[in-house]
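Hello,

Here is the structure for you to open. My notes on charged side chains and contacts follow below it.

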Amino acid sequence: EKIDLTGAGTNNLTLSALDLFDLSDTDIRIGSNTYQLAVDGDAGGVDQLTLRNTVGGIWSAGATEVMGGATYNVYANSGSSAAKLLVDPDITPTIV
């Protein structure tokens, strides 16, 4: 599944690991890797993504992954090996 934050104006999205599982019931599979969600943004936009840490898990940036010819940054949550998110490099998440 994908969330598109492109377009005019300010677009905000805040996610915890639990939110990620609640939003997505279809996995994105790239090779042997599985991701819950992809978030797209655009250069020059005011797209804001906030990843909320919880007592059970902390978000961190990982490697990159290519999907449909576009490169995404991978963010994973330490609370669950399944909590992985693909983020457009035009968006720099704030981790709180």
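**Charged pairs and contacts**

Arg52 is partly exposed, with 37% relative accessible area. Here, buried means under 20% relative accessible area, exposed means over 50%, and partly exposed lies in between (1.4 Å probe, protein chains only).

First, the ground rules. This is a predicted model, where local features need pLDDT of at least 70, side-chain atom pairs count only at pLDDT 80 or more, and totals for chains, interfaces and linings use all residues. Residues are numbered from 1 along each chain as its sequence is written, and side-chain values use heavy atoms, with hydrogens and water left out.

**Salt bridges**

Side chains of opposite charge can pair when their charged atoms come close. The structure holds three salt bridges. The rule asks for a side-chain nitrogen of Lys or Arg within 4 Å of a carboxyl oxygen of Asp or Glu.

- Asp19 and Arg52 meet through their side chains at 2.8 Å, N to O. This pair links distant parts of the chain, 33 residues apart: Asp19 is in helix H1 (residues 17-23), and Arg52 is in the loop between strand S6 (46-51) and strand S7 (59-67). Asp19 is partly exposed, at 23%.
- Lys2 and Asp40 form a salt bridge at 3.4 Å, N to O. Again, distant parts of the chain are linked: Lys2 lies in strand S1 (residues 2-4) and Asp40 in strand S5 (residues 37-40), 38 residues apart. Asp40 counts as buried, at 13% relative accessibility.
- Arg29 and Asp27 form a salt bridge at 3.9 Å, N to O. Arg29 is exposed, with a relative accessible area of 61%. Asp27 is partly exposed, at 34%.

Helices (H or I, at least four residues) and strands (E, at least two) are DSSP runs, numbered from the N terminus.

**Around Thr14**

Which residues does Thr14 touch, not counting those up to four places away in sequence? They are Asp19, Thr50 and Arg52. Contact means heavy atoms within 4.5 Å. Thr14 is found in strand S2 (residues 10-15). Thr14 is partly exposed, at 42% relative accessible area. Arg29 is 15 residues from Thr14 in sequence and 23 Å from Thr14 in space, C-alpha to C-alpha.

**A charge over a ring**

The charged end of Lys84 sits over the ring of Tyr35, 5.4 Å from the ring centre. To count, NZ of Lys or CZ of Arg must be within 6 Å of the ring centre and within 35 degrees of the ring normal.

Best wishes
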